[in-house]
Structures are given as structure tokens and as C-alpha cells.
Amino acid sequence: MLLVPCPWCGPRPELEFVAAGEAHVARPSPDADPTALAEALYFRANTKGLIAERWRHLHGCGRFFNAVRHTVTDKFVMSYRPGDPAPDLARLAETLAAEAAL
Amino acid sequence: MTGPFRTPTGGRIDRTRPIAFTFDGRRYTGFQGDTLASALLAAGVKVVGRSFKYHRPRGLVSAGSDEPNALVTVIRDAGRTTPNLVANEVELREGLVAESQNRWPSLAFDVSAVNDLLSPIFVSGFYYKTFMWPKSFWSKVFEPVIRAAAGFGRAPTAADPDGYAQRFVHCDVLVAGGGPAGLAAALAAAESGARVILCDEGPEFGGSLLAEPAATIDSAPAAQWIAATLATLAAHPRVTLLTRTCAFGYYQDNFVALLERVTDHRAAPDPALPRECLWQVRAAQVVIAAGALERPLVFPDNDRPGVMLAGAARAWVNRWGVAAGARAVVYTASDSAYAAAHDLRSAGVEIVRILDLRPDGGPATAVARAAGLTVETGAGIDRVLGSTAVTGVVTARHRADGTTAAGETLACDLVLTSAGWTPSVHLFSQSRGRLRWDAARATFLPGTPHEAARSAGACNGTASLADCLDEGFAAGAAAARDAGHGAVAARRFAATGTAIDIGGFAGEAPHGGNRDRTRAFVDLQHDVTAKDIRLAVREGFRSIEHVKRYTTTGMATDQGKTSNINALAVAAAATGTSLPAVGLTTFRRPYTPVSFGAFAGASRGDLFDPVRRTPAHARATVAGAVFEDVGQWKRALCLPAPGESEGAAVAREVRSVRATVGLFDASTLGKIEVVGPDAATFLDRFYVNALAKLPVGRCRYVVATRDDGFVYDDGIVARLAPDRFHVTTTTGGAARVHALMEDFLQTEWPDLDVWATSITERWAVMAIQGPQARAVLAPLVEGLDLAPEAFPHMSVATCTVAGIPARLFRVSFTGELGFEVNVPADHGAALWDRLAARVAGHGGTLYGTEAMHVLRAEKGYVVVGQDTDGTLTPDDVGLGWAVGRAKADFVGKAGLARPDLAGPGRRQLVGLRVEDPEVVLVEGAQITADPAPPPGTHALGHVTSAYASPNLGRGIALAVVEDGRSRIGTIVHVPMPGGSIAATVVAPVFWDEEGRRLHA
């Protein structure tokens, strides 16, 4: 069972949370063309590596937030509040690799 | 004495406390401190089980939880019957009743032992090869017979009456394993002030030291050191000591599951105690001190009762005072077995010979010879003699040229084997730590950890007692430090004890027999031999994961603890590669079997899932309601009069609502109160409907989609005040609609000042529907004029009903004049009483969900999730009028703009009319254009709702059909097993098409 870092409550067991899909996917605008609409609705990065995802601390503070998790190691790297800018995942991965090499 | 093989003295058993027990109906006596295994061995019971496939007689092999053969069923009563327990883990208690498994009629004479003679057909994959034809025989004949003949224990016949507890705990340092390394680790962590949990699967701490009374630590006998260490640990208030507790599963983020056996060892357990406790530990740091498992040598007929691990025989004699035989041959590839030979000889067992596979033996060889033991090096066992018990062995001599010759015959009743020790890396591997191959000692060891975990002691490949203690202490100190506690001064231990041989020999030992015919068992529990593995390789299986599944090696309840490395080595030899190149199969949780009860905990019976009952539930029960489950809710399906059938009740209820009036408990409807200055703006964006200008006191039927444009939920939005809305959802959709509202409020439109609060259970809701509804309700209402012009259809008001403050809606899901009275939940039953009396006074009736469904279907009102399936737009189900297309934005606007959601070929909601009024179509039935569609025909759609309509005197159906609205008046077909049914496509309204009754 994962330990999920809620930015408001701190690390809590996974069973208090629901996952809410990839983060930073802009809601389709009402006049989006079909391709952009399909991208927004149905296509996800499915990254092997770091991803930013949405979580909700449903059985806790009830709030949505974003978190960066590594899909191979299942380790959380950071979490942040909705509206905060998306982290640069490529740079984050480099930083982590450099730290791991130390 | 408790049996011919009990030593006169020695062991950790209490010889003053004899304990009576039965095994397969025979009475035996053991001592307090015995396991079932040690007591049976003391009594001279050689055969403890029959093997899985061949039904070969089997005896004890190991003294620990890795035992492959001695699986027993322990019976307290019908419900307290536990199969597949390892006899070593069954502690003797007064009155214990145990039975062997997989034999009929008895262990000594087992009918299925004929399988052993048929063994040529039970090769790898015999299921697939032997029982291929005829196909229909598989599930009816072959599989049941095979399943009955093979297998382990039987499940109990009665429900388990025991309780199971679950605990969530946090600690700084969890130490898994209470042997020397684990005890030292716990000691160091405790000294730093850390919160420590130390657990061990056995009934007492000490691990390997319990079987080695001669060992000393810091000049004291090991037993004294254990006692002093435990006293020290127990004095620390932040240390939890758990015996009989196996750390069986290591999960993400240092979440470790422990199973504590609480009552199984007690003769008369306190009924208040749980049988087992599942500890769910979140540890900042974990020290794995799981020890090592001795590996048997693989040679022909190595499964005969009396062939056992040397370390096990040593444990039985030293810890339990049981000599496993009278005359022993020792067959070893490591020094460890020599210690067993010395200890057994001291207990009076004749050591006939030590056969050492190594050409020149090891350091222990000379010591043994000096002590007068006969050791033959470069030698082994060619085959074992005897069937239900070992009677002797034929030795094998390994020549310098690599060939092997059969040697002499040695009479014996005990064969001790040791190929070496395998570090128990199960937990480390479960934690996703990477294993590394130690070429020098030919063994897998913990490598890079994935979690905050460190391994110490034998599981880390550390061999000597002093090194295990030092390493354990250092690991405990480091773990505590990493968990944020202070430094502990390093400590070195002076210790004497037997070092184990890590590594050693793996695979099938050399012998002179025909390797394609002799059976040298690798996996004793699943009856897999070395030649089975070679056959799998010959048949083309290369990946070890495939070999494992094809031969089933390592897939029994012991998960191959004693067999995996040997299996890998046999596969490596057969494929001509090295053991590390073959790789390991996955170490799966749980380490040892866990009862379902422990996982279920309190979640069984009524507590399995919450049951939600409406405030008037008891009233409906008294009224004879038949309930159905709708999600977690109990809803009245119908309310039959005494002697009335359910079908008759539904028909009566439906007629009554149309003719007079009916009362329906609608409390399960989801309800959300949406308040705030921006509430109207929010709802206008959230639902497809235009809601911004909804006047106070009015309601609107609303449809929700997600951004994809597909219908997701529906309900009523009622405006109570400019900034306050009472929103209803479907019964099943309440939670997800509220979650979606929260999502938009928190992440998409955080600028909106709105609160959405779930109020489903705050309000009881009674629907009064039918021509007499106003007459029933009006006399109870204060502060509101119910006249049609004053309170028209789709109105809402706060008022008093039967003296109770209420939110009164004029809405209808039946097509009749209707009201829904919302009162605070505590008043629900009282309101029911008043309304039920008045409804009865007007010749009306109570009605349930089935009547509600018939009534709404007669009107063509959709049920989201029944008539819709997540692929239909509002327009598809005839609700296009609800969509506020002029709005700048709403959830779903983008999706609904997709050209293919508006083009031809959409499935649309229609009605179906069958000529024969008696025919009621079947919900879910497919619809085709062709009355006799060939297989593969494209279905035009399917029936979504179908009922017998008492008001129309015929069957009615709703369906979704491609371009359905343009097919109205045409014939479609519903192919059924009894023949195709022709149906006319009609508009989906069967009753009061003009809606006059609604506005009465």
C-alpha cells in the first residue's frame, strides 16, 4: 500500500485516496477541433518513468492535488497543489538520476 | 516417555507436562513445548502424508515452516477445521486433533497410491497431453476426477466461528525475524530510543540458537543471552515483541503485513480473543533477519520417509529431545551436516557413515574422523531403499573421470542430507530489492534495496554466529539512525557456535541411475522430479517462469522454499547455462499461507459491506415489503399483501397509482445542497441545462454529462433561494456526482464561491403520486397553497407537512400528479405513518421500486445506467431539449460538438410494441433487421427496459436502436432462443402522451 503525500495532510496510506488520472490535461475548450478534443478526452502519455497525476484525499481532507510518481519504482517524488505550475519532469528525472549516482 | 524416539534428557520441552493428542484417530502423548511434528517423530510415526500427485508415502523433512510434506488438518469442530497446516507450526495442546491429508482410506493403505505405478503418464504437463480428447470430457470427467485425486486438504464444511483482528501500527524499526541477528538488531534499535517491533514466526525467540544449546554469546550459554536480551527489550516501553508472528508480505513504502497466531496453540482459548491478528505495519526502517533455509540434496527416491534435512534432525534432537532414528547415514555437500552427525551421535544415534559429495570433504571432515566417525568423500547416495520408511541406502562413488559407480548397501532408518544453505531473500525480494549473484558461494544475496530495508545475518549470507550478531546490531543501529534516532555505540559480540555453509551444491546430485527413469524429487510438495524439469526443457520451455508453470515446481503452498534453487540448477544444467543466467522466479507474497479470515478481519457477514436503510425502513418491513439491494441501499421492491404474489402486488401498485394514489419511499435519491453566491453559475456550467435564470421556487429536470458528452446522471435542481439549490441525483450516482462537482470546484473553477454538501441522509423523501395526491397531502400542509395555479408542476417550497418542517417538491416520476415531501431524516418514519394512513383512506396503496419502474417506463422516462450505457448523448435518449446550446460553456459542450455524436447511425431511445400483448421482451436482448440473423450479424441495438404494463394490458419495452426515431413505424426483430420476435418501433411514450395528468 503506497504512502501518498497529501500536500495538506502529509503522507497518508493509499486507501484514503482515489487516483484521478493524469495531471495538467487541459479541459477541452467548447470549440476544440475533433483532434484536439480526442487528445484531451482520450489520449494519455502512459509514461514509463515520471508522471504527474491527480489524486484526491477523499477519506481525509477531501482535496484534489497533483503528485509526481515514478511508474516503474512506484515512488512519489513530490506533490503540489492544484494551480501550481507543472514541474519539468525531464529536469526532475535528471536531478534524481544525479542524486542516485552520488 | 512419549515415544521410542524421545531422548532421555535434553530439549526445551517441559517433561513434567505430558499432553495427549490424536493423529488420524490414534492417541499419542507429547510434552508441553512439542510441535505436532516433534511429538509424532518421538512416537515413531514415519509417514505423515501422501504426496500430491503420486500419493507416495511421505515423512518429515524440515523442522520449520519450509516443511513440504507434513501438511495436516487440525480440527476443533466443523467450523474450526484448518487444512494445510505445517506440522512444525502446530504447537501441541491438550486434546489436539490432527489428520493427515490426501489419502483414502488411510495413510498406510491409500487407494490412489496406484498413481505411483502410473507415474509415466503423470509427467510435466500431463493435464494437457493426456486429457486433450474428447474436449467435452475435460470439465465433466477428467478435471473433477483429477481434482479429487490430487490436492491438499479439504475446506471446512461450516462457517468459521472465530474472530480475526486487524491492527494498523507505525514503528521506527521493524525487525523481521527473532534469531541472533534479529535480536541484536532489536537491541541496538531499542537502545537508540526507537519504536521497535520484533516479530518471529516461532513460539519463542532465538531462531537457530534454540537448536544449538552449546552455543555461547559473550561467554554465556546462548539460552541465557536470549533470556537477558528479551528482558532488556521487554523493559523498553517502545518495543513490541511478537512471537508466533510471521512477516509474510512486504509491500510498497515499507508496509509490511504480519500474521499473529493468537489462539491456535491454546487448549481452551478465551472466546473473546481473535484467532489471528493481521498487523499492518508502516515502518520507517525495516531490518530483515529472516535467516537461511537448508537445501536438500536431490537423488533417486530422496522422498522416502526418513530422508530429512540434517539441520532439521539436529533441531529435533537439541530443541525437542527427539532422535529421528536409530541408525543414520549422512549425505552432505557442506560442513553443516557434520554438526548434526555429532549431536545425533551424542544422543545415541548410530552414525553409519558420512557421505560427503565434495571430493576432499571440508574442514569438518578431519574433525569428524578424529572423533571416530566414518567419512567417505567424493561419495553419495545412488538410491534409497524402502518405501514407507527408509531401510537403507546404496552408496555412490564418484570417480575422477566424472562417472559414478554404485557402491555398497548400508542399512539405516534415517538419512540426513544437506546441500548447503539458501539465504532467505523472500522478504527482500518482495520489497522489490534487487538480488545479486555471489559467484564465490554460488548463491543469491540481497543487493540494492528498493525500500528502506537492510538485511542482516544468514539471510544476508553471513555464516558465523558472531558475525550474525555483529551485523544484526549494526543494522539495528543504522536503521534507528536513519529513522531519526541517536547513535548507538557499536558493539562486537564474542560467540561460539556452528557456522552454516552458504551456497554449497545445487541441482541433481550425481548418481549411477538412469536419469530418464529414476525419480529424484526436487519439489516434494508438488511431486516434481529432476527429470520432469529436464523434460520441460526438452519440450522447448526455456524461460524459468514457463518451466515453473509447466512443471508446477515451486507452486505449492510452500512456494518451493526447499526446492527453488535445486529446480533452477536442474534447468540450468539442462539448458547448458549457468544458474544466474537462468534467473530466479518471482518471490510472491505471502511467505507462508494466510487464512482468509485474517484478510477479511471484521469485514464479514453484516459488516462485509455497509447496509443503508431509509428512515422508514422498519415501517416498510411491517407493511410486508420485499427488499432489493440498490448499491448499499435496501429498497422496497414491492409490498405484497398477505398471500399476494410479488407479480400481483406490483400490478396492483401500478394500477393504484394511476387510479387513485400511491406512497413511495424515495429517500435513497442522492441529494446535494449547492450554496454560495456563485451557485447558479456553477450549476449552469455543471449540467447541460440552462439553469442560471431558474427562478426561486422552481425545479428543473437536469442531465449531467462529462466532457465527453455522454449521459452520466440525471436529477432535479430546485432553487430554494438565490444562492441555495437542492439538487437530486440518481440513487447510485450520488457519490460520483458529488465527486465530479468537487473536482470542478476545486480544480477547474476555483474562483467560484460555492459549497457542495452531500445531504442524502439528512432528508427522508416520501413521494405521493396519483390523481388523489393533492387530496391526500393538502390537509397536512401548512404555509403553502397546493392549488395547480399556485403550485404548478416543477415547483418547490419550504413549508410544514404534518407539523414537520419540509421541503416540498411538485415533481413526478410516474406521469401522474405528484409531490415529493422532504423532511429531516429523524421525522421520516412519522411522516410515513401520517401519509400512509391518508393514502389508505383514499383507497391508495404503498408502492415499491418495481412499480415505480413500470410507471416510469409507461411514460418513457429513462433510468440512467439502465436505458443508457455511457455511450449515449442527451439527444440519443430523447433529452436533446434539455441541452442549453446557447450557453458559452458547460461540462460536455465540447464533446457534444463532435460531428460523429450528431451524425446518422446513433442509437436512439424508442419504444417497441409486440403484436401479442402477452409477450414481454427480455431486457438486454439484441435487435436486428433480419428475423433470422446469421452469426456475426450486426445488431441494431438492444432492449433496455421491458415490463408487463397492467395499465395498458400488454408488454411494453424501451430500446436503443440505430437511427431509431427514423424507424418509427417499421418492424425490427428480437432474436430469442425460441425464435425471433417481431416488434414495431414506436415513440417511447405509452401513457398520456400529452402529459395532461402531470399538470392536473
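B:Pro590 sits in the loop that runs between α15 (579–582) and α16 (596–600) of chain B, where helices are DSSP runs of H or I with at least four residues, strands are runs of E with at least two, and both are numbered from the N terminus. The peptide bond that joins B:Arg589 to B:Pro590 is cis, with omega at about -5 degrees. The model is a predicted one, in which local features need pLDDT of at least 70 and side-chain atom pairs count only at pLDDT 80 or more, while totals for chains, interfaces and linings use all residues. Residues are numbered from 1 along each chain as its sequence is written, chains are lettered from A and ligands numbered from 1 in the order in which they are written, and side-chain values use heavy atoms, with hydrogens and water left out.

UniProt positions are given here in the numbering of the model, with shortened feature names, and the annotations may be inferred rather than shown by experiment. In an unreviewed UniProt entry, "domain: FAD/NAD(P)-binding" covers residues 172–430 of chain B. That span, 172–430 of chain B, is 23% helix and 38% strand, and its end C-alpha atoms lie 20 Å apart. The UniProt annotation "domain: SoxA A3" (unreviewed entry) takes in residues 518–601 of chain B. Residues 518–601 of chain B are 45% helix and 6% strand, with 47 Å between the end C-alpha atoms. For residues 907–992 of chain B, UniProt lists "domain: Aminomethyltransferase C-terminal" (unreviewed entry).

B:Asp527 lies in the loop between β30 (521–523) and β31 (528–529) of chain B, and its phi is near 55 degrees, a positive value in a residue other than glycine. B:Asp527 counts as buried because its relative accessibility is 0%, buried being under 20% relative accessible area, exposed over 50% and partly exposed in between, with a 1.4 Å probe and protein chains only. B:Asn689 belongs to the loop between α19 (679–686) and β36 (699–705) of chain B and, at 2% relative accessibility, counts as buried. The side chain of B:Asn689 reaches the backbone oxygen of B:Tyr701 at 2.9 Å. Leaving aside residues up to four places away in sequence, B:Asn689 touches several residues, among them B:Asp684, B:Val703, B:Ala882 and B:Lys887 (contact means heavy atoms within 4.5 Å).

Chain A has 2 helices and 6 strands, and its elements run β-β-β-α-β-β-β-α from the N terminus on. The C-alpha trace of chain A spans about 45 × 35 × 25 Å along its principal axes, and 33% of its 102 residues count as buried. A:Asp74, in the loop between β5 (64–70) and β6 of chain A, has a positive phi of about 65 degrees although it is not a glycine. At 15% relative accessibility, A:Asp74 counts as buried. A:Asp88, by contrast, is partly exposed, with a relative accessible area of 46%. A:Asp88 is placed in the loop between β6 (76–80) and α2 (89–101) of chain A. Its side chain reaches the backbone nitrogen of A:Ala90 at 3.1 Å, and a polar atom of the A:Asp88 side chain also lies 3.1 Å from the backbone nitrogen of A:Arg91.

Finally, the two chains meet. In all, 22 residues of chain A are in contact with 31 residues of chain B. About 2200 Å² is buried between chain A and chain B, with carbon and sulfur atoms giving 52%; buried area is the accessible area (1.4 Å probe) that two parts lose on being put together, summed over both. A:Met1, A:Arg27 and A:Pro30 supply 35% of the area that chain A buries against chain B, more than any other three residues. The rule finds 5 salt bridges across the interface of chain A and chain B, a salt bridge being a side-chain nitrogen of Lys or Arg within 4 Å of a carboxyl oxygen of Asp or Glu. A:Arg27 forms a salt bridge with B:Asp707, with 2.8 Å between the closest N and O atoms. Across the interface of chain A and chain B there are also 15 residue pairs in polar contact, both residues at pLDDT 80 or more. A polar contact is a pair of N or O atoms within 3.5 Å; within protein, one must be able to donate a hydrogen and the other to accept it, and residues adjacent in sequence count only if both atoms are side-chain atoms.
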